[in-house]
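I opened a new notebook page for this one. Come and look at it with me, entry by entry.

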Amino acid sequence: LQGELGTGKTTFVKGVAEKLGYTRIVSSPTFTLINEYPSKPTIIHIDCFREKNIDRWNLIGIRDYFTDKNIIFIEWPKVLEPVLPEYGVYEITLSHISENIRKITLKQ
């Protein structure tokens, strides 16, 4: 997920989670780095805004999340590009159109 602060990246994840049956709170993982939402399939919500060190992400075990059993949303994903799988990666960009309207662009 890409977009400036406040474009709705976490709100986008919340909408997907609700559609997949998750009924609890969805929040930004800015300080926790990773949130897991037990839906079907499980949603993994990652935020790289505060942690730019790829070695730290590797120590956390980031690659273990990249399975076909999870849907993974990564905010500020540039740091993780070297470890992303070669398949099934989509770039979702959100941008402001107005206060209540966003443009969503999807690129494979």
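This is a predicted model: local features need pLDDT of at least 70, side-chain atom pairs count only at pLDDT 80 or more; totals for chains, interfaces and linings use all residues.

**Entry 1**

I looked up L33 and found it in the loop between α1 and β1. Helices (H or I, at least four residues) and strands (E, at least two) are DSSP runs here, numbered from the N terminus. Residues are numbered from 1 along each chain as its sequence is written, and side-chain values use heavy atoms, with hydrogens and water left out.

Is L33 buried or exposed? I noted L33 as buried, because its relative accessibility is 10%; buried means under 20% relative accessible area, exposed over 50%, and partly exposed in between (1.4 Å probe, protein chains only). The phi of L33 is positive, about 75 degrees, although L33 is not a glycine. Leaving out residues up to four places away in sequence, L33 touches H45, I46, D47, E51, R56, W57 and I60; contact means heavy atoms within 4.5 Å. I also checked L33 against E4: they are 29 residues apart along the chain, and their C-alpha atoms are separated by 18 Å.

**Entry 2: V26, in that loop too**

V26 sits in the loop between α1 (9–19) and β1 (34–37). With 13% relative accessibility, V26 counts as buried. Which residues does V26 touch, not counting those up to four places away in sequence? I listed T10, V13, K14, A17 and Y37. From V26 to T10 there are 16 residues in sequence, and 7.6 Å in space from C-alpha to C-alpha.

**Entry 3: two backbone details**

I found a cis peptide bond between K40 and P41, with omega about 0 degrees. P41 belongs to the loop between β1 and β2 (42–47).

W76 lies in the loop between β3 (70–75) and β4 (91–98). I put W76 down as partly exposed, with a relative accessible area of 28%.

**Entry 4: the nonpolar cores**

For a nonpolar core I took a set of buried Ala, Val, Leu, Ile, Met, Phe, Trp, Tyr and Cys residues joined through side-chain atoms within 4.5 Å. The largest has 13 residues, and I34, I46, C48, W57, I62, I74 and L80 have the most contacts inside it. Looking at L80, I saw that it touches I46, C48, I54, W57, I62 and I74, with residues up to four places away in sequence not counted. Apart from this core lies another, of ten residues, including Y22, V26, Y37 and I43. In soluble globular proteins, nonpolar side chains tend to be buried together.

**Entry 5: stepping back to the whole chain**

I counted two helices and five strands in the chain. In what order do the elements run from the N terminus on? I wrote down α-β-β-α-β-β-β. Buried residues make up 33% of the 108 residues. Of the contacts with a separation of 6 or more, 48% come from residues 24 or more positions apart.

The C-alpha trace spans about 40 × 30 × 30 Å along its principal axes.
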